[in-house]
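Work through the exercises below with the sequence and the model open. Try each task before you read its solution.

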Amino acid sequence: MSGWLVKSFLLCALLWLAMASCSAKKEPTTIQMAVGGQTQFIYLPLTLASQLGYFKDEGLTVNISDLRGGSEAVAALVGGSVDAVTGFYEHTVRTRAQGKRLVMVTLFDRYPGVVLMVGKRHLDAVKSVKDLVGKPVGVTVIGSSTDQVLKYLLRKNELDPQSIPVVTAGVSTMLAALQQDQIWAGVIVDPLAVKLEHDGIAKALYDTRTEKGTLDIFGGPWPAGGFYFQKEFIREHPITVQKLVNAGLRALHYIKEHSPDEIAAAMPPSFWAGDRDQYVSALRANMDLYSPDGVLSAEGASNVLKSLSLVDETIARAKVDLKETYDNSFVDKSH
């Protein structure tokens, strides 16, 4: 009788283990990644990790969808067509105020790298954002981080955030829009900003490519690009998330340990836009942009919330718990 009981117990245990194994979520090896403007320096660590084989080293295949702007990448993530986004941290705060749970797990950029540039035809007339009221200004896409920075500058100057008519002018069309005077100004990032300056097409009015410029505009640190996921994906697939974080941190370490020329050599030649020397020069001016460790600070998160709340009263009323918008634990495990 005792032998029968033992056999019954073992059979039940095996059945339980089999059921648990079937019900467990399988860790995916292929990740669908969205990014709004892959060629921009703010998202360079994503492409670098791919080019250097860091995703492959982690056993991952990362398929990158290059969209027009961050808001389109967010929509793709929330809609379920992608698993992750390389984009600005501020999107996780804004969507949290809407009841959605997006979480940043690796920070790439210490500051936004965003520049409000005025077209050469209007340099004499435009000395501050106040002079752009009623004039068309280009952003990558409405609702993107470039759009939000413009609205923040308006509100900071006690102007209506809607007082400037924004025009969608993605990375590929911003240059032509300025050259043809379709827009008075554009909110741009490098390497395009450097090209516009070099070619005399536009000049910077507000500049967050440096720590000083970021502090002058936002009054404190303003963490920007990095990897983020839906919270449910993180809960169900922590091993996959950790692998992606590992690859991202390796890319940041590569940036820290190599010259702009070496980094440019690792990037797809199409990213140089026909001028490798100018690309390297622009990258050299942006090297301090990148985070040394991938950690998003509580101070930076708080300052992002403060700036967003100034523009959008619904965010101010939402009482966003910032601890729900980023998670440094994967970075900590990787170190």
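About 60 Å³ of space lies in the second largest cavity. This is a predicted model, in which local features need pLDDT of at least 70, side-chain atom pairs count only at pLDDT 80 or more, and totals for chains, interfaces and linings use all residues. Residues are numbered from 1 along each chain as its sequence is written, and side-chain values use heavy atoms, with hydrogens and water left out.

**Exercise 1. The second largest cavity**

Task: Find which residues line the second largest cavity, and sort them by class.

Solution. 
- Step 1: On a 1 Å grid over the protein atoms alone, a cavity is a set of points where a 1.4 Å probe fits but cannot get out; a pocket is an open set with protein on both sides within 12 Å along at least five of seven lines; lining residues have an atom within 4 Å of a point.
- Step 2: Grid points are joined across faces, edges and corners, and the volume is the space filled by probe spheres set on the points.
- Step 3: List the lining. It consists of Q40, T140, V171, M174, V187, I188, V189, D190, P191 and L192.
- Step 4: Find the main contributor. Strand β8 (residues 185-189) gives the most, with three residues. Helices (H or I, at least four residues) and strands (E, at least two) are DSSP runs, numbered from the N terminus.
- Step 5: Sort by class. Seven lining residues are nonpolar, two are polar and one is charged. Ala, Val, Leu, Ile, Met, Phe, Trp, Tyr, Cys and Pro count as nonpolar, Asp, Glu, Lys and Arg as charged, and the others, Gly among them, as polar.
- Step 6: Look at the backbone here. The peptide bond from D190 to P191 is cis, with omega near 15°. P191 sits in the loop between β8 and α8.

**Exercise 2. The largest cavity**

Task: Describe the largest cavity and its lining.

Solution. 
- Step 1: Count. The structure holds five cavities of 30 Å³ or more.
- Step 2: Take the volume. The largest cavity holds about 90 Å³ of space.
- Step 3: Look at the lining. There are 15 residues, of which Y43, G70, T140, S145 and T146 lie nearest the centre.
- Step 4: Name the elements. β3 (84-88) and α6 (145-156) each supply at least two lining residues.
- Step 5: Sort by class. The lining has five nonpolar, ten polar and no charged residues.

**Exercise 3. The largest pocket**

Task: Which residues are closest to the centre of the largest pocket?

Solution. 
- Step 1: Take the volume. The largest pocket has about 330 Å³.
- Step 2: Go to the centre. Of the 15 lining residues, P191, L192, K195, F271 and A273 are the closest to it.
- Step 3: Name the elements. α8 (192-198) and α13 (276-285) are those that give two or more residues.
- Step 4: Sort by class. Ten lining residues are nonpolar, three are polar and two are charged.

**Exercise 4. Helix α2 and its partner**

Task: How do helices α2 and α11 pack?

Solution. 
- Step 1: Read the geometry. α2 (residues 44-51) and α11 (residues 238-257) pack at about 100°, with axes 8 Å apart. Axes are lines fitted to C-alpha atoms, for helices over the stretch in contact, and angles run from 0 to 180 degrees between N-to-C directions.
- Step 2: Classify. The two helices, α2 and α11, are therefore roughly perpendicular. Angles under 35 degrees count as roughly parallel, over 145 as roughly antiparallel, 65 to 115 as roughly perpendicular and the rest as oblique.
- Step 3: List the contact (heavy atoms within 4.5 Å). L44, P45, L48 and A49 of α2 meet A247, A251, L252, Y254 and I255 of α11.
- Step 4: Sort by class. The contact has nine nonpolar, no polar and no charged residues.
- Step 5: Check burial (buried is under 20% relative accessible area, exposed over 50%, partly exposed in between; 1.4 Å probe, protein chains only). Six of the eight residues of α2 are buried. They are L44, P45, L46, T47, L48 and A49.
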